[in-house]
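Visitor: I am new to this structure and would like to be guided through it slowly. Could we look at the fold, then the pairs of charges, and then the interior?

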Amino acid sequence: MALLSIITPNWLVRMTKGLSSSQKSRRDHYRSQISDLRSLLWMLHNHNTRYIRCPQSPQASKARIEIEEFCEQLLDECNNPQRPLFRVLKSRMEQVLSSLPNQSKAGWYAIHHRASDHLIYIIDEVTRSYLAEGTLDATYEEYQVFWQTWIDTKEAQLRYEQAVMRLAEGKTAAWQSVNLQSRILQKRMHQLSLMSSGDATLAFDRVDNRFDSVIRSTEEEIPASSLIKISQDLSVILLHLFDRELIVRTSDSEPVKATPGIKALTVKTG
């Protein structure tokens with residue numbers, strides 16, 4: 001090793017150190033971005049759950065301003081290649097937040113759902129950039145398996161909600177569609193639960209039991225509002241799982257900590 005150090009040109013040593021420093025700088029940048037984007041995702045979630053009944057209240061307006069300012073900060077701090085990505089995010093959030101106060105309840109949920117999905121795909125893109133800067137291919141592959149299973153579950157959840165909406169509108173054969181989509185969503189949940197921690201598994205079990213009740217029920221036995229409530233509770237579980245996966249993948253062997261201000265997974269029954 002000493003001989004190698006002697007015969008290696010100084011310019012090559014400096015270049016190697018520079019590359020290593022540059023890689024660490026990029027990883028630190030992406031890690032910080034992921035943390036900020038996680039915060040933004042929870043801000044959006046909290047706005048959705050807290051202000052749907054009072055969208056024009058001063059508190060709701062303040063929350064929307066805070067989200068817009070946070071998006072502006074993300075745009076200011078991103079690197080040049082990322083600017084188009086964060087410029088679109090800022091524009092999308094401004095459009096969404098300005099339109100929400102005048103929406104019906106169904107419209108509110110639909111718009112929030114699309115905004116959250118847009119943000120989630122941006123988080124995934126930044127996370128892949130972070131992992132690509134690492135040296136462990138297995139870590140990237142593990143994340144890829146989780147992501148595919150998680151997004152498949154989200155898509156199954158969307159199809160379930162669409163079936164419930166058709167049921168609420170009195171469409172023909174809507175209950176059969178709800179029953180089928182419940183079974184498909186259950187299967188996806190079971191696959192995802194195998195990758196989850198103990199707390200998440202318990203939360204999954206509670207929702208799973210409620211889907212069992214749906215599958216065993218007959219038409220008009222369970223109101224559409226209760227069917228939607230099951231999906232809303234599942235959304236919280238999925239959000240926690242995604243958030244925890246990001247913490248694990250960006251921790252650099254540091255102990256995993258809970259997201260500030262986020263309580264342990266709980267799902268109300270009924």
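The questions and answers below go from the whole chain to single residues.

Visitor: Before we begin, what kind of model is this, and which pLDDT do local features need?

Guide: Residues are numbered from 1 along each chain as its sequence is written, and side-chain values use heavy atoms, with hydrogens and water left out. This is a predicted model, in which totals for chains, interfaces and linings use all residues, side-chain atom pairs count only at pLDDT 80 or more, and local features need pLDDT of at least 70.

Visitor: How many helices and how many strands does the protein chain have?

Guide: Helices (H or I, at least four residues) and strands (E, at least two) are taken as DSSP runs and numbered from the N terminus. Read from that end, the elements run α-α-α-α-α-α-α-α-α, and the count is 9 helices and 0 strands.

Visitor: What percentage of the residues in the protein chain is buried?

Guide: A residue is called buried under 20% relative accessible area, exposed over 50%, and partly exposed in between, with a 1.4 Å probe and protein chains only. Of the 270 residues in the protein chain, the buried share is 43%.

Visitor: How many salt bridges are there?

Guide: Side chains of opposite charge can pair when their charged atoms come close. A salt bridge is counted when a side-chain nitrogen of Lys or Arg lies within 4 Å of a carboxyl oxygen of Asp or Glu. By this rule the structure has 11 salt bridges.

Visitor: Glu133 forms a salt bridge with Arg26; how many residues apart in sequence are the parts that this pair ties together?

Guide: The closest N and O atoms of Glu133 and Arg26 are 2.8 Å apart. Glu133 lies in the loop between α5 (105-132) and α6 (137-168), while Arg26 belongs to helix α2 (residues 10-51), so the pair ties together parts whose separation in sequence is 107 residues.

Visitor: Which residues of the largest nonpolar core touch the most other members?

Guide: A nonpolar core is a set of buried Ala, Val, Leu, Ile, Met, Phe, Trp, Tyr and Cys residues joined through side-chain atoms within 4.5 Å. At least two residues of this core come from each of α2, α3 (58-77), α4 (83-99), α5, α6, α7 (174-193), α8 and α9. Of its 66 residues, those touching the most other members are Leu37, Leu89, Trp150, Val178, Leu227 and Phe242.

Visitor: With which residues is Leu227 in contact, leaving aside its neighbours within four places in sequence?

Guide: Contact here means heavy atoms within 4.5 Å. Beyond those sequence neighbours, Leu227 is in contact with Tyr160, Val164, Leu167, Trp175, Val178, Val214 and Ile222.

Visitor: How far does α7 reach from its first C-alpha to its last?

Guide: The expected span of a helix is 1.5 Å times one less than its number of residues. For α7, with 20 residues, the expected value is 28 Å, and the reach in the model is close to this, at 28 Å.

Visitor: Which residues are in contact with Asp124, apart from its neighbours within four places in sequence?

Guide: Asp124 lies in helix α5 and is buried, with a relative accessible area of 7%. Leaving aside the sequence neighbours, its contacts are Tyr143 and Trp147.

Visitor: How many disulfides does a search of the whole structure find?

Guide: A disulfide is a pair of cysteine sulfur atoms within 2.5 Å. Cys71 is buried at 2% relative accessible area, and Cys78 is buried at 8%. The number of disulfides found in the whole structure is 0.
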